[in-house]
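Open the model in your viewer and keep the selection panel at hand. Each stop below gives you something to select, then what is there.

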Amino acid sequence: MLEYFEDYEPGTVVEGGAEVADEAEMLAFARRFDPQPIHVDAAFAATGPFGGLIASGWYTAGLFMRLYAERYLSRVASLASPGVDELRWPVPVRPGDRLRLRATVLSARPSGSKPDRGVVRTRGELLNQDEQVVLSLLAVNLLRKRPASNT
């Protein structure tokens, strides 16, 4: 179980979770935040390059974050994230797709300025039911180190 910084060892892989791309939810999100026709207009999307509605990448990122927070980040030691790099959506998400998380610890190093924490770099991926990567990114997280024992 990944609880404190010291538990995030390079090479560790965490997989799991399940989110379904719900069409009504996808449409509501896109209408509010990403109203491009391929996300909100089924007739237009049917004639477009993807042959039908696809989820906004930002909706997909939200599904990823839900699984990342629930399945990978420590509830006791996660402090913050200064950001992500290399966010990609290589395969579109479609209504009804079942998505799961794969997170791989790439590196973990103690903070150079704050001795109570470390910096963990993770390759995050969201995969669909066909094992296709629909989202990938490199995440950076700050995690608290294990407290010293009083015994």
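Select Pro 49. Pro 49 sits in the loop between helix H3 (42-47) and H4; helices (H or I, at least four residues) and strands (E, at least two) are DSSP runs, numbered from the N terminus. Pro 49 is exposed, with a relative accessible area of 72%. Here buried means under 20% relative accessible area, exposed over 50%, and partly exposed in between (1.4 Å probe, protein chains only).

A word on ground rules. This is a predicted model, in which local features need pLDDT of at least 70 and side-chain atom pairs count only at pLDDT 80 or more, while totals for chains, interfaces and linings use all residues. Residues are numbered from 1 along each chain as its sequence is written, and side-chain values use heavy atoms, with hydrogens and water left out.

**Whole chain**

Zoom out. The chain holds four helices and five strands. Along the sequence the pattern reads β-α-α-α-α-β-β-β-β. Along the principal axes, the C-alpha atoms fill a box of roughly 65 × 25 × 20 Å. Of the 151 residues, 40% count as buried. Contact means heavy atoms within 4.5 Å. Among contacts between residues at least 6 apart in sequence, 72% join residues at least 24 apart.

**The sheet**

Colour the strands. Five of them form an open sheet in the order E1-E3-E4-E5-E2, with antiparallel pairing. Two strands pair if DSSP finds at least two bridges between them. The edge strands are E1 (13-20) and E2 (78-88), and each pairs on one side only. On average, neighbouring strands of this sheet are turned by 25° against each other, direction ignored. Axes are lines fitted to C-alpha atoms, for helices over the stretch in contact, and angles run from 0 to 180 degrees between N-to-C directions.

Next, select helix H4 (residues 57-71). H4 packs on the sheet and touches E1, E2, E3, E4 and strand E5 (133-144). The direction of H4 makes about 130° with that of E1.

Move to strands E3 (residues 98-110) and E4 (residues 117-127). Ten bridges join this antiparallel pair. A hairpin of six residues links E3 to E4. Step along the pair: Val 105 stands opposite Thr 122 in E4, and Leu 101 stands opposite Leu 126 in E4. Then look at E1 and E3, which run antiparallel and are joined by six bridges. There, Val 20 has Arg 98 in E3 as its bridge partner.

**The core**

Which residues touch the most other members of the largest nonpolar core? Select Tyr 8, Phe 64, Tyr 68, Tyr 72, Leu 101, Val 120 and Leu 126, out of 29 residues in this core. A nonpolar core is a set of buried Ala, Val, Leu, Ile, Met, Phe, Trp, Tyr and Cys residues joined through side-chain atoms within 4.5 Å. H4, E3, E4 and E5 each supply at least two residues of the core. H4 gives the most, with six residues.

Centre on Leu 126. Leaving aside neighbours within four places in sequence, its contacts include Leu 63, Phe 64, Leu 67, Leu 101 and Val 134.

Select Glu 125, in strand E4. Is Glu 125 buried or exposed? Glu 125 is buried, at 12% relative accessible area. Its side chain makes a polar contact with the side chain of Arg 102 (2.7 Å). A polar contact is a pair of N or O atoms within 3.5 Å; within protein, one must be able to donate a hydrogen and the other to accept it, and residues adjacent in sequence count only if both atoms are side-chain atoms.

Now go to Asn 141, in strand E5. Asn 141 counts as buried, at 5% relative accessibility. Its side chain makes a polar contact with the side chain of Tyr 68 (2.6 Å). Beyond four places in sequence, Asn 141 also touches residues including Leu 73, Ala 80 and Val 119.

**Last stop**

Select Ala 21, in the loop between E1 and helix H1 (23-33). Ala 21 counts as buried, at 1% relative accessibility. Not counting residues up to four places away in sequence, Ala 21 touches Val 93 and others, including Met 26, Tyr 59, Leu 63 and Pro 95.
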